[in-house]
Amino acid sequence: MNDIFSKCATSEGYFGQFRAQGDRYYTMPVMESVPGKIMKFQGRDCLMWSINNYLGLAENEEVKQAALEAMKVWGTSGPMGSRMMSGNTVEHIKLEESLADFAQKESSILFNYGYLGVIGTVASLVGPDDVIVMDKLVHASIVDAAFGAVSDRRHVRVFRHNDMDSLESRLKSLRETVKGGILILTEGVYGMTGDVARLRDICEIKDRYGARLFVDDAHGVGVMGPTGRGTAEHFGVQDKVDLYFGTFAKAFASIGGFTAANRDAVEWIRYNARTQVFAKSLPMIYVKALQKTLDLVRDGDARRKQMFYIADKLASGLSELGYYIGKVDSPLVPVFIPEGNQVTAMEWISFLRDKGIFVTGVTYPVIPKNYIMFRMVPTASHTDEDVEKTVAAFRSLRDERGLTLHYDIDAIS
Ligand code: PMP
């Protein structure tokens, strides 16, 4: 027999190679200020391009005020208990109604974290005979939800990223064999790469096969669509997406998440999602602050316009320097650099941070081998000057590090 702690002093494990470096610079950097477009890192003020504060609401004073007022009354703990026992309040119900209205669904349910919401929603709905079909690039929370929900790993099928032929062929082969139902899992905006799920096609296909669709719109809610209602609104398919999921961790700059769906589905989830049934309800500080945030998101056209303006300006400034910018419909700006690997990525990241530009890198397997990608998140708080300073830093990076910006466009687009 082995001691299960025997591995703990080693750097094996999921992020072992990063743990081995243990430097708190590239991984788990220690931030020294509150979130915003300028953040202190290692004593230096940096322009922040890697927090998902799309609408700039992390800095919002009205939200802070709403939270403070709730805190004065409810303290940090209230209400106490799970929603089922003693943690339910009129304010929770009101927020759920507002979110359902925002998502244009009959009903919605709150979760304490997006991660827990994805897991709770999927696990509550998927039974032993059901099968999950998911996009290859979905977020870890969706992968965990899928494998946690099924009793047999063969009940999770994966289709090639955003590839409708691949999705359809999975559904076709399942149609003959599946005893239960099929739940398709996708993101709305893929948070790492910034590309957008082909929701119109996915909805058309899933309707033809009688499957249901769960869309985790963590990066789309508040951001995409003519009125910020998300990626389903962007494609005009809100009524077709069966389960619309949003986290508050990004555009809402808070904590928690919600699933919106028809009334029966939400009631089922409310009584069966173990990650919420057996957890304390969302604290009132968040519930009250989120109600305010939702008003700002609904009223956020100017913020969304500024965010997309910054995204365009940053993308065109960098492509004029010769960098290849991924073509995406979301505001994310994926900046590709060839001859990238973990070593060069670290060197380039520290070059930029020394110039006061904070970025984080994405490597293979999320993007093709031999490239690194800086996943830059424009926000409504960034200004023209911020973009100009950032483009200047990328110019220095190109010139001082002698980057050869030659791309195999077919490989990365
Ligand atoms: N889904 C996606 C697509 C995400 O990017 C994340 C990460 N924030 C989550 C779910 C988990 O959300 P949360 O941080 O609110 O737990």
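I began at proline 79, which lies in the loop between α2 (61–74) and α3 (90–103), where helices (H or I, at least four residues) and strands (E, at least two) are DSSP runs numbered from the N terminus. The peptide bond leading from glycine 78 into proline 79 is cis, with omega near -5°.

I noted that this is a predicted model, in which local features need pLDDT of at least 70 and side-chain atom pairs count only at pLDDT 80 or more, while totals for chains, interfaces and linings use all residues. Residues are numbered from 1 along each chain as its sequence is written.

I then looked up proline 365, placed in the loop between β13 (361–362) and β14 (371–376), and found that the bond from tyrosine 364 to proline 365 is cis too, with omega near 15°.

Next I checked backbone phi values. Glutamine 104, in the loop between α3 and β3 (107–111), has a positive phi near 55° without being a glycine. Alanine 253, in the loop between β8 (243–247) and β9 (257–261), is not a glycine either and has a positive phi of about 50°. I recorded alanine 253 as buried, with 25 other C-beta atoms within 10 Å, and glutamine 104 as partly exposed, with 16; buried means 20 or more such atoms within 10 Å, exposed 12 or fewer, and partly exposed in between, with C-beta atoms placed from the backbone.

Last, I turned to the ligand. Of the 13 residues around it, Gly114, Tyr115, His139, Ala218 and Ala249 come nearest, a residue being near if its C-beta atom, placed from the backbone, lies within 6 Å. Helix α4 (residues 114–125) gives the most to this shell, with three residues.
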